[in-house]
Amino acid sequence: MTDRPLRLGTRRSPLAMAQAEEARDRLCAAHPGLTVEIVPVQASGDKILDRPLAEIGGKALWTKELDVWLLEGEIDFAVHSAKDVETLRPAGIAIAAVLPRADVRDVLVGVDSLAALPPGARIGTSAPRRAAQALHFRPDCQIVSFRGNVATRLGKLEAGEADVTLLAAAGLERLGQSDVGTPLDPAVWLPAPGQGCIAIECRPGDDRTAGLLAAIDHRASHAALLAERALLAALGGNCHSPIAALTEHRDGELVLHAALFSPDGGERVAATMHFPAGDATGPAELARLLLDQASPAIRQHFEGFAS
Ligand SMILES: NCc1[nH]cc(CCC(=O)O)c1CC(=O)O
C-alpha cells in the first residue's frame, strides 16, 4: 500500500460531517497507518433552501458536486446518507461499502403521537413520503414546507412554524440528540428506503480504494440497502413519489416491507415479500405486486408500470 492519504468527500452539513468522521474512524481502525483526509463540499441541495427538493432537481442536488470530484479523481471516495443517493448513479460510480445501519425509525417531534394532534394541526415536512403518510393518518392536518438541516428544522419547530415535525432517528443519534422526539413503530409508519444506512461510493476501477473500503462493509446492511434500492429501481419512483420501505432480516432471508401513497395520503397500498439476500427478482416482484394494486392516483408517480 502506498502512503498517499485517501481523500474522503462529504457534504458540509453537521450530519454529513458526523457520518464522514464515522467512516474515517472505521477505515483507520481497520487499516492502521492509513491516513484519511476529509474534503467537505457545499452541495447545491444545501444552498437552495426556500423550495422543496423535489421541485429544484431532486436528490441529485445532494451528490452532484461530489460525483464530479469522484469521477475526476479529486477525491477517492464519497460518504452519503444512503437515502439521499439517487437510484440511478452515473457510470463510473458505485456503492463500495455500507456502514452498520443505525436506528431506521422516523421520530415525531413536538407531540407524542399523531393521534394527539389537535384538529387541523400543522405538520412541518418537505418529504413527500412523510407528508403523504402523515395525511393518511390525519387527513384533517396541513403540511407546512420545512427544508433545511436537522438543526434548522428543530429551530423552525421551536419558533412555532409548525406543531410537529418528523425526523430520522439515525440523524438525531449521529448528532448526539437521540433524546429528541418519539420514535414511530415501523409496523405502522415505515421509513424511507435506505434510511439509517451510510453508503460509501468509489470508482469501481479503483482497486486500492475499493479494497480498503471492503474491510468496513457491513454485509447485512449492504444487502438490505441493495434490496430497497432494487425496489425503487423497479418502481421507477423519483423524489416526488411517496414511497416507504424497510428490510428486516429473518431466518437468513430478507423480508422487504413497502408502501406507496397518493400524495394527499388518501390512498395507500402495502405489501411484503421474502427472498434471499442478493436476489434482485424479489424486489422487482414486490414492485409489480404494489403497482398492480395501485390506483391511478398512486401509479402516476411511478414509471416502472410497463404493462
Ligand atoms: N433528508 C435529509 C436526511 N438525509 C438523511 C437523514 C438522516 C440520516 C439517515 O436517514 O440515515 C436526513 C435527515 C432526516 O430525514 O431527518
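Helices (H or I, at least four residues) and strands (E, at least two) are DSSP runs, numbered from the N terminus. On this basis the chain holds eleven helices and 13 strands. The structure is a predicted model, in which local features need pLDDT of at least 70, side-chain atom pairs count only at pLDDT 80 or more, and totals for chains, interfaces and linings use all residues. Residues are numbered from 1 along each chain as its sequence is written.

The C-alpha trace of the chain spans about 60 × 45 × 35 Å along its principal axes. The radius of gyration is taken over C-alpha atoms, and the globule rule is 2.2 Å times the number of residues to the power 0.38. The chain has a value of 19 Å, which agrees with the value near 19 Å that a compact globule of 307 residues would have. Of the 307 residues, 44% count as buried (20 or more other C-beta atoms within 10 Å of the residue's own, with C-beta atoms placed from the backbone).

The domain assignment, which is automatic or taken from a database, gives domain 1 (6-99 + 197-217), domain 2 (106-183) and domain 3 (231-299). The centres of domain 2 and domain 3, taken over C-alpha atoms, are separated by 24 Å. Eight residues from domain 2 and twelve residues from domain 3 make up the contact (C-beta atoms, placed from the backbone, within 7 Å). The side of domain 2 that touches domain 3 has five nonpolar, two polar and one charged residues. In this classification Ala, Val, Leu, Ile, Met, Phe, Trp, Tyr, Cys and Pro count as nonpolar, Asp, Glu, Lys and Arg as charged, and the others, Gly among them, as polar.

The ligand is surrounded by S81, K83, D84, V150, L167, A168, A170, G171, Q195 and G196. Two or more residues of this shell come from each of β8 (164-168) and α7 (169-174). By class, the shell has four nonpolar, four polar and two charged residues. Domain 1 and domain 2 each supply at least three of the shell residues.

Strand β10 (residues 198-202) is largely enclosed by the rest of the structure, because five of its five residues are buried. I198, I200 and C202 lie on one side of β10, A199 and E201 on the other, and all are buried. Strand β3 (residues 77-81) pairs with β10 in the antiparallel sense over five bridges, where pairing requires at least two DSSP bridges between the strands. F77 stands opposite C202 in β10. Strand β4 (residues 94-98) also pairs with β10 in the antiparallel sense, over four bridges, and I95 stands opposite E201.

Terms used
Near = placed C-beta within 6 Å. Contact = placed C-beta atoms within 7 Å. Buried ≥ 20, exposed ≤ 12 C-beta atoms within 10 Å, placed from the backbone.
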